[in-house]
Amino acid sequence: MRIRASGLACVRGGREVFRDVSFVVGPGEALLVTGPNGAGKSSLLRLVAGLLRPAGGRIELEGGGPDLPLAEQALYLGHLDALKPALSVRENLAFWAQFLGNAAVNPEPALAAVGLGALARIPAIYLSAGQRRRLALARLIAIKRSIWLLDEPTAALDAAGRKMLADLLRTQLSNGGIVLAATHDPLGLENPMELRLGGNR
């Protein structure tokens with residue numbers, strides 16, 4: 001499986017965000033999308049996720065499930081955690097598993113892996129910002145997808161949370177998965193590829 005983007009352009013609100021962006025990322029590879037605020041990091045991830053249409057260029061998935069579009073083989077986590085405050089920690093994860101077609105998933109192992117096992121019955125409204133981010137990241141474990149699209153995944157995480165995230169990323173890559181991450185921070189990976197947006201690049 002390989003993601004190939006050629007000559008991508010993005011226009012939002014009548015403003016050209018970026019143009020002529022190309023990259024290739026394959027199994028076991030991570031591509032970090034970096035650059036200043038407003039350079040289009042989040043927009044690029046949303047293009048790959050199928051949430052925006054490119055103003056130019058193409059995004060192709062080579063290999064993978066032949067009957068599934070790229071968006072259905074990827075798991076997109078935006079910079080917002082997308083939680084329902086009134087639902088418990090467990091119910092939030094079960095909701096996303098069902099929404100993404102994995103209704104039979106048992107949320108407990110994923111919650112334990114991100115350090116939230118003891119909080120499974122607590123309404124999400126009572127979680128700290130770091131705990132909310134951990135709950136969002138639990139989807140990566142509970143919902144198995146070959147491609148992870150992550151927008152500022154380290155946001156609100158403490159040192160222990162960042163180590164946990166780095167371990168998740170390394171496991172994904174060692175299993176032949178693909179990671180695209182828009183980030184201002186290093187993610188604890190060895191020699192990831194980098195695509196810098198903004199300026200003349």
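**Entry 1, ground rules.** I worked from a predicted model, in which local features need pLDDT of at least 70 and side-chain atom pairs count only at pLDDT 80 or more, while totals for chains, interfaces and linings use all residues. Residues are numbered from 1 along each chain as its sequence is written, and side-chain values use heavy atoms, with hydrogens and water left out.

**Entry 2, the three-stranded sheet.** I looked up the strand order and found an open, antiparallel sheet of three strands, β2-β1-β4. Strands here are DSSP runs of E with at least two residues, and helices are runs of H or I with at least four, both numbered from the N terminus. Two strands count as paired if DSSP finds at least two bridges between them. β2 (15–25) and β4 (56–62) are the edge strands, each pairing on one side only. The average twist from one strand to the next is 15 degrees. I then checked β1 (residues 2–12) against β4 and found six bridges, with the two strands antiparallel. Opposite Ile3 I found Leu61 of β4. Helix α1 (residues 41–48) packs on this sheet and touches β1, β2 and β4. The direction of α1 makes about 125 degrees with that of β1. Contact means heavy atoms within 4.5 Å; axes are lines fitted to C-alpha atoms, for helices over the stretch in contact, and angles run from 0 to 180 degrees between N-to-C directions.

Strand β6 (residues 147–151) is joined to β7 (residues 178–182) by five bridges, and the two run parallel. Trp148 stands opposite Val179 in β7.

I found a nonpolar patch of about 340 Å² made by Ile122, Ile125 and Tyr126. Tyr126 lies in the loop between α3 (107–113) and α4 (129–142). I list Tyr126 as exposed because its relative accessibility is 64%; the classes are buried under 20%, exposed over 50% and partly exposed in between (1.4 Å probe, protein chains only). Patch residues have over 30% relative accessible area and no salt bridge, with like charges joined within 9 Å and nonpolar side chains (Val, Leu, Ile, Met, Phe, Trp, Tyr) within 5 Å. A salt bridge is a side-chain nitrogen of Lys or Arg within 4 Å of a carboxyl oxygen of Asp or Glu. Accessible areas come from the Shrake-Rupley method with a 1.4 Å probe, and for residues only the protein chains shown count as cover.
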